Amino acid sequence: MRGSLEQVPPTDPMIYRFYEIIQAYGTTMKAIVNEEFVDGIMSAIDFTMGIEKVLNPAATGYVSPWKASSFHLRSGENFCWPEKSMSRFSPTG
């Protein structure tokens with residue numbers, strides 16, 4: 001199994017929130033990246049992420065910046081994972 005999740009969807013509340021964010025905003029994030037840059041896929045090989053505390057009188061929060069390279073797709077080209085690879089992402093896989 002790839003990654004550190006014991007099951008999908010995750011049962012840990014904090015990890016579930018990250019999962020939920022991608023479920024809710026993933027397509028919007030993709031559309032913005034494609035509009036601002038170029039259609040392509042994000043590299044997870046050189047991916048970095050930070051977590052920084054944000055102080056607020058009402059509640060302490062955090063910001064989590066992501067940094068990744070993008071591999072551009074040629075015009076009309078679609079990227080898809082082989083079926084066997086995708087099974088690990090499905091709830092029944």
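Buried means under 20% relative accessible area, exposed means over 50%, and partly exposed covers what lies in between. Phe-47 has a relative accessible area of 30%, so Phe-47 counts as partly exposed. Keep that scale in mind as you explore this structure, which is a predicted model. The protein chain has 93 residues, of which 4% count as buried. Its elements include two helices and six strands.

**The overall layout**

- Starting at the N terminus, the elements of the protein chain follow the order α-β-β-β-β-β-β-α.
- The protein chain has an accessible surface of about 8300 Å², and carbon and sulfur atoms account for 59% of that surface.
- Take the contacts in the protein chain between residues at least 6 apart in sequence: 38% of these join residues at least 24 apart.

**Before and along helix H1**

- Have a look at the peptide bond between Val-8 and Pro-9, which is cis, with omega about 0°.
- Pro-9 belongs to the segment before helix H1, and that helix covers residues 13-36.
- Asn-34 is a residue of helix H1.
- Asn-34 has 16% relative accessibility, so Asn-34 counts as buried.
- If you set aside residues up to four places away in sequence, Asn-34 touches Asp-39 and Gly-40.

- Side chains of opposite charge can pair when their charged atoms come close.
- A search of the whole structure turns up one salt bridge.
- The partners are Glu-20 and Arg-17, whose closest N and O atoms are 3.3 Å apart.
- Both Glu-20 and Arg-17 sit in helix H1, and the three residues that separate them in position amount to about one turn of the helix.
- Glu-20 counts as partly exposed because its relative accessibility is 35%.
- Arg-17 is also partly exposed, at 45% relative accessibility.

**Two aromatic pairs**

- Searching the whole structure gives two aromatic pairs.
- One of them joins Tyr-16 and Tyr-19 in a tilted arrangement, with 5.8 Å from centre to centre and 40° between the planes.
- Tyr-16 and Tyr-19 are both in helix H1, three residues apart, which is about one turn of the helix.
- Tyr-16 is partly exposed, with 28% relative accessibility.
- Tyr-19 has a relative accessible area of 24%, so Tyr-19 is partly exposed.
- Phe-47 and Trp-66 make an edge-to-face pair, 5.5 Å centre to centre, with 80° between the planes.
- That pair links distant parts of the chain, 19 residues apart: Phe-47 is in the loop between strand S1 (40-42) and strand S2 (48-49), while Trp-66 is in strand S5 (residues 66-67).
- The relative accessible area of Trp-66 is 42%, so Trp-66 is partly exposed.

- You can find Thr-48 in strand S2.
- Thr-48 is partly exposed, and its relative accessibility is 44%.
- Beyond its neighbours within four places in sequence, Thr-48 is in contact with Pro-65, Trp-66 and Lys-67.
- Thr-48 and Lys-67 are 19 residues apart in sequence, while their C-alpha atoms are 5.2 Å apart in space.

- The surface carries a nonpolar patch of about 1100 Å².
- Residues that make this patch include Met-14, Phe-18, Ile-21, Ile-22, Tyr-25 and Met-29.
- Met-42, Met-49, Ile-51, Tyr-62 and Trp-66 are also among the residues of the patch.
- Helix H1 gives the most to the nonpolar patch, contributing six residues.
- Met-42, one of the patch residues, lies in strand S1.
- Met-42 has a relative accessible area of 51%, so Met-42 is exposed.

How values were computed
Residues numbered from 1 in each chain as written. Predicted model: local features only at pLDDT ≥ 70, side-chain atom pairs only at ≥ 80, totals over all residues. Heavy atoms only, no water. Helix = DSSP H or I, 4+ residues; strand = E, 2+ residues; numbered from the N terminus. Phe/Tyr/Trp six-rings, centres within 6.5 Å; stacked < 30°, edge-to-face > 60°. Buried < 20%, exposed > 50% of the residue type's maximum accessible area, 1.4 Å probe, protein only. Salt bridge = Lys/Arg side-chain N within 4 Å of Asp/Glu carboxyl O. Contact = heavy atoms within 4.5 Å. Patch = residues over 30% accessible without salt bridge, like charges linked within 9 Å, V, L, I, M, F, W, Y side chains within 5 Å. Areas by Shrake-Rupley, 256 points an atom, 1.4 Å probe, with all protein chains shown as cover.
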